[in-house]
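Work through the exercises below with the model open. Each task is followed by a stepwise solution.

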Amino acid sequence: MMTKSMTGFGKGEATLKNKKITVEIRSLNSKQLDLNLRLPAVYRQSEYDIRTSIARTLVRGKVDVSVTVENRTVETPARINRELFREYLNQMTDTLKHAGIETGYDTLVPTIMRLPEVVATEAEAISDEEHAALLAATKAAAAKLDAFRMQEGATLIADLLRRVDLIEQYKNEVTPYEQARTENVKARILENLAKLNTEVDRNRLEQEMIFYLEKLDITEEKVRLTNHCNYFREVAAQEEGAGRKLGFIAQEMGREINTMGSKANETNIQILVVKMKDELEKIKEQVLNIL
């Protein structure tokens, strides 16, 4: 399976006898498919097929689609209603003359052209050939964007796995400080007791110290963190569309790291926990871009 990014760009083109159709697709990260489509009015009849084609390939992301058509011959569906134009012109000329206002056609014509129904756009249907060309350009653009996503995804996942390795490295560096921490805690407790200058039950003291040190023990947290790191690698390597699941695993990694921090009670361990948290935050940011 190939991990994909949600960021990408793709462009597809199709050429007919008198037209050139261009489809451009851009995508960013999003929790679901958020598809924004801009296309000429004449292609609205093909909108459903365009959306279906893109959704089938891209699945998720904030996707902006732009469709443009370049006509190689002079043609337009717009038609001027000559009779209505002439009637408006006659009425306006008579009205101005009656009011004693002189004005030329260069002023009247732009005004008349903006009046209702002077310019009408005839409904235009595209041919089956043009519809097929439009969908072919759309599929080509989506395929190129998908290839871009794969390339970006490979870069992203390599960075994520490197950061997971760093978290495990920092976790392993905690071990030498744990024994020293235990001895320091014991010494501090005994030193404080000595200052009280009172007799204590040595057996009870040992039991209480063991109980206290067990509460500070982070062995289970380290084991679970290792398991989460291994599961992260497994999902990244084998599952398609793993972005959400990787995000959930990163949250579980954060729980263990936070617990280690709350139990640290030792400067060097706390420093390593901060380093782990820093890498984890970068992982969480990057995971949002994974499909």
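A salt bridge here is a side-chain nitrogen of Lys or Arg within 4 Å of a carboxyl oxygen of Asp or Glu. The model is predicted, and 23 salt bridges are found in the structure.

**Exercise 1.** Find the closest N and O atoms of glutamate 168 and arginine 233, and state which helices the pair ties together.

Solution. 
1. The closest N and O atoms of glutamate 168 and arginine 233 are 2.7 Å apart, and the two residues form a salt bridge.
2. Glutamate 168 belongs to helix α4 and arginine 233 to helix α6, so the pair ties together parts 65 residues apart in sequence.
3. Buried means under 20% relative accessible area. Glutamate 168, at 13%, is therefore buried, whereas arginine 233, at 24%, is partly exposed.

**Exercise 2.** Describe the salt bridge between arginine 224 and glutamate 220.

Solution. 
1. The closest N and O atoms of this pair are 3.5 Å apart.
2. Both residues lie in helix α6, 4 residues apart, which means about one helical turn separates them.
3. Arginine 224 is partly exposed at 33% relative accessible area; glutamate 220 is exposed at 52%.

Terms used:
Residues numbered from 1 in each chain as written. Predicted model: local features only at pLDDT ≥ 70, side-chain atom pairs only at ≥ 80, totals over all residues. Heavy atoms only, no water. Helix = DSSP H or I, 4+ residues; strand = E, 2+ residues; numbered from the N terminus. Buried < 20%, exposed > 50% of the residue type's maximum accessible area, 1.4 Å probe, protein only.
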